[in-house]
Amino acid sequence: MRVALTGAHGFTGRFVSAALEQAGATPVALQVDLRDEAAVDAAVGATTFDRLIHLAGHAFVGATDWRAFYAVNQLGTFNLLDAVARHRPGARCVLASSAQVYGQGAEGLIREDAPTRPANHYAVSKRAMELGAELWRQRLELVVTRPFNYTGVGQPDQYLIPKIVAHYRRAAGTIELGNTWVRRDFGDVRSVAEAYAGLALAATVPPVVNIATSTVSSIDDIVAELGAISGHRLDVTVNPDFVRTDDVAVLGGDATLLRATLPSWRPRALADTLRWMYGADETT
């Protein structure tokens with residue numbers, strides 16, 4: 001089985017490549033500017049593959065160039081699906097959306113049938129991608145995934161958990177955070193990668209599926225766990241600029257459907273992820 005992979009060299013992509021190889025498949029990097037329709041068509045036509053995992057996208061929510069979210073995440077995905085439908089009709093395409101499409105009002109462990117209320121340009125671009133992709137469902141086998149928060153070695157420090165880990169690794173005295181009491185679903189990129197690979201290779205798949213752990217932890221829990229791992233005390237200062245006044249207390253993903261689809265899949269514990277990140281070689 002040859003599985004084409006966009007975003008193969010990104011944070012998630014390199015773990016997905018490893019997971020595909022572990023599962024006996026051959027990952028094939030599909031590198032192209034998704035905004036260039038002709039280039040996408042040529043790249044897809046020149047690549048031999050059976051299935052596709054589409055990870056590439058404009059991801060950082062805090063980015064100020066909102067147009068890039070739509071140009072890449074929405075229109076770029078449409079360019080890709082159109083090319084795959086022409087050159088590999090009927091192929092399974094696993095699309096990386098985001099749990100952020102659930103948006104405002106979501107609370108607790110969210111199921112796939114929950115309402116979607118995206119509240120920023122990134123989330124809106126992903127929901128628009130989901131809706132538009134349906135127009136190709138008659139010509140392709142589509143699996144829309146909604147991953148919740150996940151982390152791991154190699155994720156930039158602009159993201160929350162790598163930021164906290166970096167402070168512990170350099171034995172900083174203090175760190176500025178927002179609401180530390182909120183409880184969220186934090187997965188491990190290796191487990192997420194195994195889920196992507198599993199969804200690409202499984203015999204049957206659902207049209208929409210969360211990638212989540214069904215377990216929630218607070219930022220306070222993460223700080224305490226890293227303190228225990230490192231033996232270092234880090235004082236937390238709440239920065240009002242980082243505080244979201246409308247934060248819900250608990251927000252995670254219901255992974256029931258994912259577990260039913262991939263019975264052997266198990267998420268790694270957050271404590272194991274934090275130990276991995278804290279102890280990682282910085283050149284990794």
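**Exercises on helix packing, sheet order and backbone geometry**

Helices H1 (residues 13-22) and H6 pack with their axes 8 Å apart, at an angle of about 55 degrees. The structure is a predicted model, in which local features need pLDDT of at least 70, side-chain atom pairs count only at pLDDT 80 or more, and totals for chains, interfaces and linings use all residues. Residues are numbered from 1 along each chain as its sequence is written, and side-chain values use heavy atoms, with hydrogens and water left out.

**Exercise 1.** Classify the packing of H1 and H6, and state which residues meet.

*Solution.* Step 1: helices (H or I, at least four residues) and strands (E, at least two) are DSSP runs, numbered from the N terminus. Axes are lines fitted to C-alpha atoms, for helices over the stretch in contact, and angles run from 0 to 180 degrees between N-to-C directions. Step 2: angles under 35 degrees count as roughly parallel, over 145 as roughly antiparallel, 65 to 115 as roughly perpendicular and the rest as oblique. At about 55 degrees, H1 is therefore oblique to H6. Step 4: contact means heavy atoms within 4.5 Å. From H1, Phe15, Val16, Ala19 and Leu20 meet residues of H6, including Val189, Ala193, Tyr196 and Leu201. Step 5: this contact has 9 nonpolar, no polar and 2 charged residues. Here Ala, Val, Leu, Ile, Met, Phe, Trp, Tyr, Cys and Pro count as nonpolar, Asp, Glu, Lys and Arg as charged, and the others, Gly among them, as polar.

**Exercise 2.** Describe the sheet and the place of H6 on it.

*Solution.* Step 1: the open sheet has 6 strands in the order E2-E1-E3-E4-E6-E11, with parallel pairing (two strands pair if DSSP finds at least two bridges between them). Step 2: its edges are E2 (26-29) and E11 (208-211), each pairing on one side only. Step 3: neighbouring strands of this sheet are turned against each other by 25 degrees on average, direction ignored. Step 4: E1 (residues 2-6) runs parallel to E2 and is joined to E2 by 4 bridges; arginine 2 stands opposite threonine 26 in E2. Step 5: H6 (residues 189-201) packs on the sheet and touches E1, E3, E4, E6 and E11, and the direction of H6 makes about 155 degrees with that of E4.

**Exercise 3.** Classify the pair H5 and H7.

*Solution.* Step 1: the axes of H5 (residues 160-169) and H7 (residues 219-230) come within 10 Å and cross at roughly 30 degrees. Step 2: H5 and H7 are therefore roughly parallel to each other. Step 3: H5 passes H7 in a right-handed crossing. Step 4: among the contact residues are Ile161, Ile164 and Tyr168 of H5 and Ile222, Leu226 and Gly227 of H7. Step 5: the contact residues divide into 9 nonpolar, 2 polar and no charged.

**Exercise 4.** Is alanine 166 buried or exposed, and what is the phi of alanine 171 and of serine 214?

*Solution.* Step 1: buried means under 20% relative accessible area, exposed over 50%, partly exposed in between (1.4 Å probe, protein chains only). Step 2: alanine 166 lies in H5 and, with a relative accessible area of 14%, is buried. Step 3: alanine 171, in the loop between H5 and E8 (174-177), has a positive phi near 55 degrees and is partly exposed at 47%. Step 4: serine 214, in the loop between E11 and E12 (217-218), has a positive phi of about 65 degrees and is partly exposed at 29%.

Conventions:
Left-handed = near helix turned anticlockwise from the far one by under 90°.
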